[in-house]
Amino acid sequence: MWKDFKEFAFKGNIFDLAIAVVIGAAFGKIVTSLVENIITPLIGLISGGIDLSNKAYPVPGTKTIITYGVFIQSIIDFLIIAFSIFMVIRLLAKFKKKEVEQPAETPSIDAKEELLKEIRDLLQTQQSATVDKHLPPDDSTK
């Protein structure tokens, strides 16, 4: 059982996943900071300083307060974060696409392959000439 666990734990995919989780956590902090410190204040400035986080509804006859504004603000934050991540992934995909589009070097053909290609072409030419000799003359020229 220990041997199986070691094989599983030390596969390359596990390390790639661990690295992705750490980078994702760091990226999440960057995006959260971007949303809280730059994008949300800009949206507040554009919208006239509307702050939904303090909106609440007191349930009549109880001490319960439904803070729906925090929920709405969380939805807005999610949409902004999702859009920001989408834009970053799209930008990275463009860079990756440019790498793939670079033409690969054409493999050099050695002399033996070149000779074989010439022999093939000659055989095809001879075969088509032989077939043409055995066909009846074309009557469409009359």
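# Reading the labels in this model

Q: Which residues is Tyr-57 in contact with, leaving aside its neighbours within four places in sequence?
A: Tyr-57 is in contact with Thr-64, Ile-65, Ile-66 and Tyr-68. Contact here means heavy atoms within 4.5 Å.

Q: What kind of model is this?
A: It is a predicted model: local features need pLDDT of at least 70, side-chain atom pairs count only at pLDDT 80 or more, and totals for chains, interfaces and linings use all residues. Residues are numbered from 1 along each chain as its sequence is written, and side-chain values use heavy atoms, with hydrogens and water left out.

Q: Why does Tyr-57 count as partly exposed?
A: The relative accessibility of Tyr-57 is 46%. Buried means under 20% relative accessible area, exposed means over 50%, and partly exposed lies in between (1.4 Å probe, protein chains only). Tyr-57 therefore counts as partly exposed.

Q: Where is the place of Tyr-57 in the chain's elements?
A: Tyr-57 belongs to strand 1, residues 57-58. Strands (E, at least two residues) and helices (H or I, at least four) are DSSP runs, numbered from the N terminus.

Q: Why is Gln-73 called buried?
A: Gln-73 has a relative accessible area of 17%. Buried residues make up 6% of the 142 residues in the chain. Gln-73 is found in helix 3 (residues 68-101). Not counting residues up to four places away in sequence, Gln-73 touches Thr-40, Asp-51, Leu-52 and Ser-53.

Q: What makes up the lining of the largest pocket?
A: The lining includes Thr-40, Asp-51, Leu-52, Ser-53 and Gln-73. Helix 2 (12-46) and helix 3 are the elements that give two or more residues to this lining. The lining residues divide into five nonpolar, six polar and one charged. Ala, Val, Leu, Ile, Met, Phe, Trp, Tyr, Cys and Pro count as nonpolar, Asp, Glu, Lys and Arg as charged, and the others, Gly among them, as polar.

Q: What makes the pair of Phe-83 and Phe-86 tilted?
A: Their ring centres are 6.5 Å apart and their planes stand at 35 degrees. Rings of Phe, Tyr and Trp (its six-membered ring) pair if their centres lie within 6.5 Å; planes under 30 degrees apart count as stacked, over 60 as edge-to-face and the rest as tilted. So Phe-83 and Phe-86 form a tilted pair. The count by this rule is one aromatic pair.

Q: Why are Phe-83 and Phe-86 separated by about one helical turn?
A: Because they are three residues apart in helix 3.

Q: Is Phe-83 buried or exposed, and what about Phe-86?
A: Phe-83 has a relative accessible area of 53%, so Phe-83 is exposed. Phe-86 stands at 45%, so Phe-86 is partly exposed.

Q: Why is Phe-71 called exposed?
A: Its relative accessible area is 56%. That is over the limit for exposed, so the label holds for Phe-71. Phe-71 is found in helix 3. The C-alpha atoms of Phe-71 and Ser-53, 18 residues apart along the chain, are separated by 7.7 Å.

Key: On a 1 Å grid over the protein atoms alone, a cavity is a set of points where a 1.4 Å probe fits but cannot get out, and a pocket is an open set with protein on both sides within 12 Å along at least five of seven lines; lining residues have an atom within 4 Å of a point.
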